[in-house]
Amino acid sequence: MKEVELNEIIASKEDGKYIINIGPQHPSTHGVLRFVVSLKGETLEYLIPHCGYIHRGIEKMCENLTYPQIIHLTDRMDYLSAHMNNEAVSLCVENALGIEVPERVKVIRTILSELQRIASHQLWWAAFGMDIGGLTCFFYGLRDREKVLDIFEESFGSRLLHSFICPGGLMQDIHPDFQKRVKEFIAYFRKKLPEYDQLLTGNVIFEQRTKGLGILTKAEAIDYGVTGPSGRASGFSCDIRKKHPYSAYDRVEFREILANEGDTYSRYKVRIEEMWESMNIIEQLIDQIPEGSFTAPMKAIIKVPEGEYTQRVETARGELAVYLVSTGDKNPYRMRFRTPNFSNLFVMNHLSAGAKIADLIAISGSLDLVIPDIDR
Amino acid sequence: MSFIYDFSSATQAIDQWLKANLSPTGAFVAELALVGLTILLAYAVIGLYLVYAERKVCAFMQNRVGPNRVGKWGLLQTMADLIKLLMKELIPIRKSDKLLFNVAPYLVIIASFLGIAAIPFAKGLHAIDFNIGVFYIMAVSSIGVIGILLAGWSSNSKYSLIGAMRSGAQVVSYELSVGLALLSVVIFSGSMQLSTIVESQANGWWILKGHLPAMISFVIFLIASTAEINRGPFDLAEAESELTAGFHTEYSGIRFAFFFLAEYMNMFIVAAMAATVFLGGWMPFHLGNLEAFNRVMDFIPPVVWFFGKTIFIIYLIMWFKWTFPRLRIDQLLTLEWKYLLPLNLLNTVVIAFLVLMGWYFK
């Protein structure tokens with residue numbers, strides 16, 4: 001699909017082209033994302049994503065905030081991977097300071113990240129089902145996500161934006177019931193996850209709608225920088241947890257889920273498999289939480305030594321990289337986030353070439369876009 | 001209480017009373033008004049409670065409770081919704097075709113209203129009994145699509161237009177299958193009159209008497225009619241996640257309620273037709289010459305039989321909607337033109353052959 005400038009679209013509008021805006025207010029863009037779509041009947045001629053509707057200047061705001069404060073902003077980028085976002089900044093600052101966090105913190109961080117990944121994939125599954133017209137999926141997904149959010153709520157009082165992982169460790173210790181609840185949840189979700197397959201995976205309509213749709217080859221995935229489950233569905237082995245282990249990922253056994261087709265269906269399958277894999281990781285760690293402090297001894301005001309630091313983590317949607325430039329002050333000189341959704345969004349144009357409107361919704365659903373993460 | 005089993009005694013009594021007390025013209029007008037009023041009332045009540053039923057069924061499928069605040073078990077919820085919709089502002093759309101925009105919802109609701117008039121609810125409870133009843137219902141139900149097309153066209157909204165065009169392609173295609181599926185029973189019973197079709201099932205329903213071909217017809221009818229009334233998984237005309245609300249995006253207040261009500265009434269008509277034509281309508285479940293069994297079945301009033309069967313089929317249709325994802329437009333048309341229609345044509349030929357040779361249960 002050729003790249004077309006906005007001016008050209010406006011000009012071509014006079015030729016009687018059928019141009020519609022999908023978004024910024026639309027049930028299937030899951031946020032304020034706008035696609036300008038030119039149609040020929042039901043078929044897409046080209047698509048241009050417009051982002052920036054929820055740009056809050058988080059990177060610039062970071063320059064005037066202290067490191068513990070920045071944590072609270074990172075929640076608000078990819079709000080479905082809040083723990084991973086917090087962890088990215090925390091790890092970056094800890095590496096810069098040369099602090100080794102207690103073992104207990106590492107294990108808890110890993111468990112929380114995996115719980116968050118499950119919750120995120122559950123919501124993705126719910127919304128994806130709804131995107132392709134199966135409204136019941138939404139309630140099944142949210143029903144199980146609720147259990148994870150309840151665990152979060154019990155331990156740190158918030159369900160979505162936790163700000164729980166902070167430089168040096170955790171904000172506070174986990175709730176005494178945490179282990180018990182997580183085990184209950186794993187036992188519960190092992191029974192419930194097959195329901196997801198029953199409802200969607202084997203369905204003829206669903207397979208027709210998704211198989212062979214929006215194919216992204218491995219080379220294209222690397223070119224566009226598509227990471228996370230969407231990249232792995234194209235056979236691009238890009239799991240940061242495996243490649244550059246952080247926290248407790250070096251001591252757990254898990255598979256990196258890969259698929260080769262690169263179509264919407266394999267993106268779906270990869271995420272379902274990742275939920276199983278996340279449960280395996282949690283089960284390996286939940287009984288191994290060492291005793292100890294929940295935070296390393298930190299100074300009241302964190303001053304990162306002068307230099308450039310970077311840290312990558314695997315969020316539920318792909319690779320989040322934090323790039324930090326410090327001049328030795330209590331605020332960063334420059335903070336830059338390489339967010340997964342931004343790169344994932346821009347394959348939309350490529351994937352939806354010649355697709356139908358319904359396919360566009362299925363493809364954008366399968367990429368699992370979180371709009372505030374794109375705009376930051 | 002005998003009128004429960006045969007309404008004609010009650011209707012004849014009313015007829016005689018009116019004729020005795022009024023001039024012939026007056027009696028005629030009064031009867032027209034009475035029948036019209038009854039159907040209108042039935043229409044509103046059935047429509048509202050189908051909406052309620054849908055909400056309860058979908059809640060049941062989705063691990064929810066559903067409406068439970070207004071009235072006992074939320075029974076008055078849809079009434080409250082109706083009052084709300086009645087009081088809402090009818091938002092005028094700039095650059096819309098005012099006349100067509102206003103006419104469209106009425107066309108849709110009139111089409112379903114005409115359809116319900118020809119449905120035999122029970123013995124003697126049948127407003128118009130044509131000799132072409134099946135054909136009539138087919139004909140009036142296709143008026144509705146004009147309303148949908150007009151709504152999409154006159155709204156001056158791109159989403160609406162796409163929804164309307166989808167709906168046009170869909171309804172025109174699937175009408176063929178609906179017609180052919182109904183034709184199979186017309187061939188079996190040798191009549192298009194709905195009362196005759198029901199009477200012909202006194203010794204067994206057509207779905208059983210016509211064995212395999214009739215069952216194929218029944219399944220095709222269910223699929224095709226679900227598509228014809230634009231319900232999930234064929235709800236492409238609305239396609240909430242793609243076109244926000246499709247053809248009725250720009251409608252508000254009671255005009256929207258008309259579309260909404262018509263959709264549910266069309267579902268009722270389709271279910272009632274399936275019940276009447278394939279499952280014996282108000283006719284109790286009879287098995288050949290098993291006298292005792294048939295007498296027990298006769299004890300259940302025809303109204304209960306009719307609504308029982310209709311509600312069963314409505315539940316099936318709702319079950320599809322809340323379980324399956326939506327088809328894409330090309331897949332939808334492929335399903336009709338490449339699979340259902342050829343199968344249906346073949347099936348019709350087979351049925352004609354069966355009837356010719358007498359190879360079905362008489």
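Me: Which residues of α4(A) meet which residues of α5(A)?
Reply: A:A82, A:H83, A:M84 and A:E87 in α4(A) meet A:R109, A:L112, A:S113 and A:Q116 in α5(A). Contact here means C-beta atoms, placed from the backbone, within 7 Å. The model is predicted: local features need pLDDT of at least 70, side-chain atom pairs count only at pLDDT 80 or more, and totals for chains, interfaces and linings use all residues. Residues are numbered from 1 along each chain as its sequence is written, and chains are lettered from A and ligands numbered from 1 in the order in which they are written.

Me: What makes α4(A) and α5(A) oblique to each other?
Reply: Their axes cross at roughly 140 degrees and come within 8 Å. Angles under 35 degrees count as roughly parallel, over 145 as roughly antiparallel, 65 to 115 as roughly perpendicular, and the rest as oblique. The pair is therefore oblique. Axes are lines fitted to C-alpha atoms, for helices over the stretch in contact; angles run from 0 to 180 degrees between N-to-C directions.

Me: Why is α5(A) called roughly antiparallel to α6(A)?
Reply: The axes of α5(A) and α6(A) cross at roughly 165 degrees and come within 7 Å. That angle makes the two helices roughly antiparallel. Their contact has 16 nonpolar, 3 polar and 2 charged residues. Ala, Val, Leu, Ile, Met, Phe, Trp, Tyr, Cys and Pro count as nonpolar, Asp, Glu, Lys and Arg as charged, and the others, Gly among them, as polar. Among the residues that meet are A:L115 and A:W125 in α5(A), and A:F138 and A:Y140 in α6(A).

Me: How do you know whether A:S163 is buried or exposed?
Reply: Count the C-beta atoms: A:S163 has 20 others within 10 Å. A residue is buried at 20 or more, exposed at 12 or fewer, and partly exposed in between, with C-beta atoms placed from the backbone. So A:S163 is buried. This residue lies in the loop between α6 and β4 (165–166) of chain A.

Me: Why does B:N156 count as partly exposed?
Reply: B:N156 has 14 C-beta neighbours inside 10 Å, so it counts as partly exposed. B:N156 sits in the loop between α6 (144–154) and α7 (158–189) of chain B. Its phi is also positive, about 55 degrees, and it is not a glycine.

Me: How many residues of chain A are in contact with chain B?
Reply: 26 residues of chain A are in contact with 21 residues of chain B. By class, the chain A side has 12 nonpolar, 8 polar and 6 charged residues.

Note on methods. Contact = placed C-beta atoms within 7 Å. Helix = DSSP H or I, 4+ residues; strand = E, 2+ residues; numbered from the N terminus.
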